[in-house]
Amino acid sequence: LVAVFAARSLFTEDDKPKPPPKVITPVIVERIQMKPVGDSRARGLAEVLRRGDAESVRVLAAQLKPSTDKQIYQLLLTGGPSEDKLLGNSAVGSERIFVGEAKISVEELHKYRRIEIRVVTNGAPPSEKTVLRGKIPR
């Protein structure tokens with residue numbers, strides 16, 4: 001009787017394997033080609049994604065110059081109703097690639113005209129230089 005109780009308590013409902021969380025495949029709502037600005041040789045693509053009710057923008061950029069100790073790349077929305085909207089920062093290593101994703105609604109995204117990647121240098125004086133820009137369709 002004790003052995004049956006012990007064996008039964010080892011296999012309670014809590015010990016049953018739980019199904020893995022449901023993965024929601026993103027749907028690409030739109031793509032925005034990002035073009036180099038000035039002497040930049042970079043190339044990029046922004047994708048507006050929808051996963052269920054959640055919306056976001058994902059950016060992949062290549063052929064960027066690696067960041068120095070005092071530099072960071074910023075992903076921004078510009079040309080909107082107020083200040084530029086910072087979506088994220090990333091250092092770029094020797095692979096010369098920037099990958100970023102930020103949650104933002106399609107409605108909010110379309111309040112801006114452009115999506116940009118800038119390299120920001122913390123120096124005296126600090127400086128900003130846009131290296132990639134894409135036009136957000138309206």
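This is a predicted model: local features need pLDDT of at least 70, side-chain atom pairs count only at pLDDT 80 or more; totals for chains, interfaces and linings use all residues.

Reader: Ok, and where is glutamate 116 found?

Author: Glutamate 116 is in strand S7.

Reader: What does glutamate 116 touch, skipping residues up to four places away in sequence?

Author: With those left out, glutamate 116 touches Met34, Gln74, Leu75, Leu76, Thr78, Thr130, Leu132 and Arg133.

Reader: Which side chain does the side chain of glutamate 116 make a polar contact with?

Author: That would be threonine 130, with the polar contact at 3.4 Å.

Reader: And which side chain meets glutamate 116 in a salt bridge?

Author: Arginine 133, at 2.8 Å from N to O. The two partners are 17 residues apart, with arginine 133 in strand S8 and glutamate 116 in strand S7, so the pair links distant parts of the chain.

Reader: Is arginine 133 buried or exposed, or something in between?

Author: Arginine 133 is partly exposed, at 33% relative accessible area. Glutamate 116, as I said, is buried at 3%.

Reader: What about arginine 118, which residue does it form a salt bridge with?

Author: Glutamate 128, and the closest N and O atoms are 3.1 Å apart.

Reader: Buried or exposed, for arginine 118 and for glutamate 128?

Author: One of each. Arginine 118 counts as buried at 12% relative accessibility, while glutamate 128 counts as exposed at 52%.

Reader: Which residues do salt bridges with shared partners join into one network?

Author: Asp84, Arg114, Glu116, Arg118, Glu128 and Arg133.

Reader: How many salt bridges does a search of the whole structure find?

Author: Eleven. Arginine 50 is partly exposed, with a relative accessible area of 34%.

Reader: How far apart are arginine 114 and isoleucine 32?

Author: In sequence, 82 residues; in space, 9.6 Å from C-alpha to C-alpha.

Reader: Switching topic to the nonpolar side. How many residues are in the largest nonpolar core?

Author: The largest nonpolar core has 26 residues, and those with the most contacts inside it are Val59, Leu64, Tyr73, Leu77, Phe98, Ile115 and Ile117. The elements giving two or more residues to this core are strands S1 (27-36), S2 (43-51), S3 (54-62), S4 (71-78), S6 (97-103), S7 (114-121) and S8 (127-135), plus helix H2 (106-109).

Reader: Take Phe98 then. What does phenylalanine 98 touch, not counting residues up to four places away in sequence?

Author: Phenylalanine 98 touches Val59, Leu60, Ala61, Leu64, Tyr73, Leu75, Ser90, Val92 and Ile117.

Reader: Leu60 is in that list. Which residues make a nonpolar surface patch with it?

Author: Ile97 and Val99; together with Leu60 they make a patch of about 260 Å². Leucine 60 has its place in strand S3, and it is partly exposed, at 48% relative accessible area.

Reader: Last one, backbone. What is phi of glutamine 63, and what is phi of arginine 96?

Author: Phi of glutamine 63 is near 65 degrees, a positive value in a residue other than glycine. Arginine 96 also has a positive phi near 65 degrees, and is likewise not a glycine.

Reader: And where do glutamine 63 and arginine 96 lie?

Author: In loops. Glutamine 63 is in the loop between S3 and S4, and arginine 96 is in the loop between strand S5 (85-90) and S6. Glutamine 63 is partly exposed at 44% relative accessible area, and arginine 96 counts as partly exposed at 37%.

Note on methods. Residues are numbered from 1 along each chain as its sequence is written. Side-chain values use heavy atoms; hydrogens and water are left out. A nonpolar core is a set of buried Ala, Val, Leu, Ile, Met, Phe, Trp, Tyr and Cys residues joined through side-chain atoms within 4.5 Å. Buried means under 20% relative accessible area, exposed over 50%, partly exposed in between (1.4 Å probe, protein chains only). Helices (H or I, at least four residues) and strands (E, at least two) are DSSP runs, numbered from the N terminus. Contact means heavy atoms within 4.5 Å. Patches are made of residues with over 30% relative accessible area and no salt bridge: like charges are joined within 9 Å, nonpolar side chains (Val, Leu, Ile, Met, Phe, Trp, Tyr) within 5 Å. Accessible areas come from the Shrake-Rupley method with a 1.4 Å probe; for residues, only the protein chains shown count as cover. A salt bridge is a side-chain nitrogen of Lys or Arg within 4 Å of a carboxyl oxygen of Asp or Glu. A polar contact is a pair of N or O atoms within 3.5 Å; within protein, one must be able to donate a hydrogen and the other to accept it, and residues adjacent in sequence count only if both atoms are side-chain atoms.
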